[in-house]
Amino acid sequence: MIDNSDRIFMMSYRDTAEAIYGVAEDEIEYAESVGKTLVLGVETYSEEGDDVSFMEEGKLYMYGEIEKLRAMLPEGFGVAIHWIKSWYDLKV
């Protein structure tokens with residue numbers, strides 16, 4: 001898919017910068033090697049376990065992890081937050 005797209009949005013749902021990067025690491029390396037970019041998605045609500053979303057940790061923790069993640073990513077790569085309603089509803 002990376003070869004046939006300008007940019008890929010990847011649902012790399014985890015609740016730490018390291019884990020988000022870890023589930024996308026192969027795709028990050030490949031995309032960078034072929035001159036494409038990725039946007040990694042973070043989740044704000046999940047019933048799939050504590051490590052999938054920022055639901056338990058809240059907004060401030062999530063923002064801190066996103067900043068860490070941005071520092072880990074190659075230039076031009078980004079982060080997207082899934083589901084705006086649950087993002088607004090997150091505890092601080």
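**View 1. Helices α1 and α2 cross at roughly 45 degrees, and their axes come within 8 Å.** This angle makes α1 oblique to α2. The crossing is right-handed. Keep in mind as you look that this is a predicted model.

**View 2. Here is the place where α1 and α2 touch.** Which residues of α1 take part? They are Ala 17, Glu 18, Ile 20 and Tyr 21, and they meet Glu 65, Lys 68, Leu 69 and Met 72 of α2. Sorted by class, this contact has five nonpolar and three charged residues, with no polar ones.

**View 3. Three strands form an open sheet in the order β1-β2-β3, with parallel pairing.** Which strands stand at the edges? They are β1 (7-11) and β3 (78-81). Each has a single partner strand, so one side of each is left without a neighbour in the sheet. From one strand to the next, the twist averages 30 degrees.

**View 4. Strands β1 and β2 run parallel and are joined by five bridges.** Strand β2 covers residues 37-42.

**View 5. Helix α2 lies across strands β2 and β3.** This helix spans residues 59-72. How does α2 run relative to β3? The angle between α2 and β3 is about 155 degrees.

**View 6. Met 10 sits in strand β1.** Is Met 10 buried or exposed? Its relative accessible area is 18%, and under 20% counts as buried, so Met 10 is buried. Leaving aside residues up to four places away in sequence, Met 10 touches Val 23, Ala 24, Glu 27, Val 39, Leu 40 and Gly 41. Take Val 39 as one of these partners. Met 10 and Val 39 are 29 residues apart in sequence, yet 6.2 Å apart in space, C-alpha to C-alpha.

Terms used:
Residues numbered from 1 in each chain as written. Predicted model: local features only at pLDDT ≥ 70, side-chain atom pairs only at ≥ 80, totals over all residues. Heavy atoms only, no water. Pairing = 2+ DSSP bridges. Helix = DSSP H or I, 4+ residues; strand = E, 2+ residues; numbered from the N terminus. Axes fitted to C-alpha atoms, helices over the stretch in contact; angles between N-to-C directions. Contact = heavy atoms within 4.5 Å. Parallel < 35°, antiparallel > 145°, perpendicular 65-115°, else oblique. Left-handed = near helix turned anticlockwise from the far one by under 90°. Nonpolar A, V, L, I, M, F, W, Y, C, P; charged D, E, K, R; others polar. Buried < 20%, exposed > 50% of the residue type's maximum accessible area, 1.4 Å probe, protein only.
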